Amino acid sequence: MTYEALKFYCNQGLVPNVKRDANNYRLFDDRDVAWIESLGCLKRCGMSIQEMKHYVGLCEQGQSSISERKVLLDRKREQLMEHIRELEEAVRYIDWKQGFYDDVLSGRTPYESNLLPEK
């Protein structure tokens with residue numbers, strides 16, 4: 001994570017309870033580092049800053065919010081799985097189209113099998 005991204009996350013309140021030294025520099029312990037790594041994962045999962053703020057707020061509530069956090073993560077997981085399905089379909093199309101072009105370049109008649117690949 002870049003310094004700018006880390007500073008942004010801290011300024012957005014996404015890294016709770018960051019300690020500072022006498023010069024007001026942020027001090028990160030192992031717990032903070034693990035938290036920051038989790039934020040990176042949530043970002044890669046497609047969570048918006050608002051969603052991350054909501055999630056952080058739930059985490060700060062402690063054990064009482066675990067059920068709600070699970071629901072939030074379940075929804076995000078389903079969105080990711082749908083995105084994976086869409087990407088797999090796109091890859092199948094590209095593979096099929098590459099085969100079509102291979103047929104054209106080799107002199108075979110690809111038009112007989114110019115149907116889209118099955119899902």
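This is a guided tour of a predicted model, going from one selection to the next.

Residues are numbered from 1 along each chain as its sequence is written. Because the model is predicted, local features need pLDDT of at least 70 and side-chain atom pairs count only at pLDDT 80 or more, while totals for chains, interfaces and linings use all residues, and side-chain values use heavy atoms, with hydrogens and water left out.

**Stop one: helix 1**

Select residues 3-11, which make up helix 1; helices here (H or I, at least four residues) and strands (E, at least two) are DSSP runs, numbered from the N terminus. Within this helix, Leu6, Tyr9 and Cys10 are buried, where buried means under 20% relative accessible area, exposed over 50% and partly exposed in between, with a 1.4 Å probe and protein chains only. If you look down the axis of helix 1, its buried residues fall within an arc of 100 degrees, so they line one face of the helix; the arc is that of the directions from the helix axis to the C-beta atoms. On the face turned away from that buried side you will find the exposed residues Glu4 and Asn11.

Just after helix 1, Gly13 takes a positive phi of about 80 degrees.

**Stop two: the largest nonpolar core**

Select Tyr9, Leu14, Val15, Leu39, Leu42 and Met52, which, of the 15 residues in the largest nonpolar core, touch the most other members. A nonpolar core is a set of buried Ala, Val, Leu, Ile, Met, Phe, Trp, Tyr and Cys residues joined through side-chain atoms within 4.5 Å. Helix 1, helix 2 and helix 3 each supply at least two residues of this core, and the largest share, five residues, comes from helix 3. Centre the view on Leu42, which, leaving aside its neighbours within four places in sequence, is in contact (heavy atoms within 4.5 Å) with Met47, Met52, Tyr55 and Leu73.

**Stop three: Lys76**

Not counting residues up to four places away in sequence, Lys76 touches Cys45, Gly46, Met47 and Glu51. A polar atom of the Lys76 side chain lies 3.5 Å from the backbone oxygen of Gly46. A polar contact is a pair of N or O atoms within 3.5 Å; within protein, one must be able to donate a hydrogen and the other to accept it, and residues adjacent in sequence count only if both atoms are side-chain atoms.

**Stop four: the loops on either side of strand 1**

Select Asn17 in the loop between helix 1 and strand 1; Asn17 has a positive phi of about 60 degrees although it is not a glycine, and it is exposed, with a relative accessible area of 60%.

Move on to the loop between strand 1 (19-20) and strand 2, where Asp21 is found. Asp21 is partly exposed at 28% relative accessible area, and its side chain reaches the backbone nitrogen of Asn23 at 2.8 Å. Asn24 is also found in the loop between strand 1 and strand 2, and its phi is near 70 degrees, a positive value in a residue other than glycine. Asn24 is partly exposed, with a relative accessible area of 48%.

**Stop five: the aromatic cluster**

The structure holds four aromatic pairs, counted where rings of Phe, Tyr and Trp (its six-membered ring) have centres within 6.5 Å; planes under 30 degrees apart count as stacked, over 60 as edge-to-face and the rest as tilted. Tyr93 and Trp96 form a tilted pair, 5.6 Å centre to centre with 45 degrees between the planes. Being three residues apart in helix 4, Tyr93 and Trp96 are separated by about one helical turn. Tyr93 is partly exposed at 38% relative accessible area, whereas Trp96, at 16%, counts as buried.

Phe100 and Tyr101 form an edge-to-face pair, 5.6 Å centre to centre with 65 degrees between the planes. Phe100 is buried, with a relative accessible area of 12%, and Tyr101 is partly exposed, at 40%. Select Tyr93, Trp96, Phe100 and Tyr101 together, and you have a cluster linked by ring pairs.
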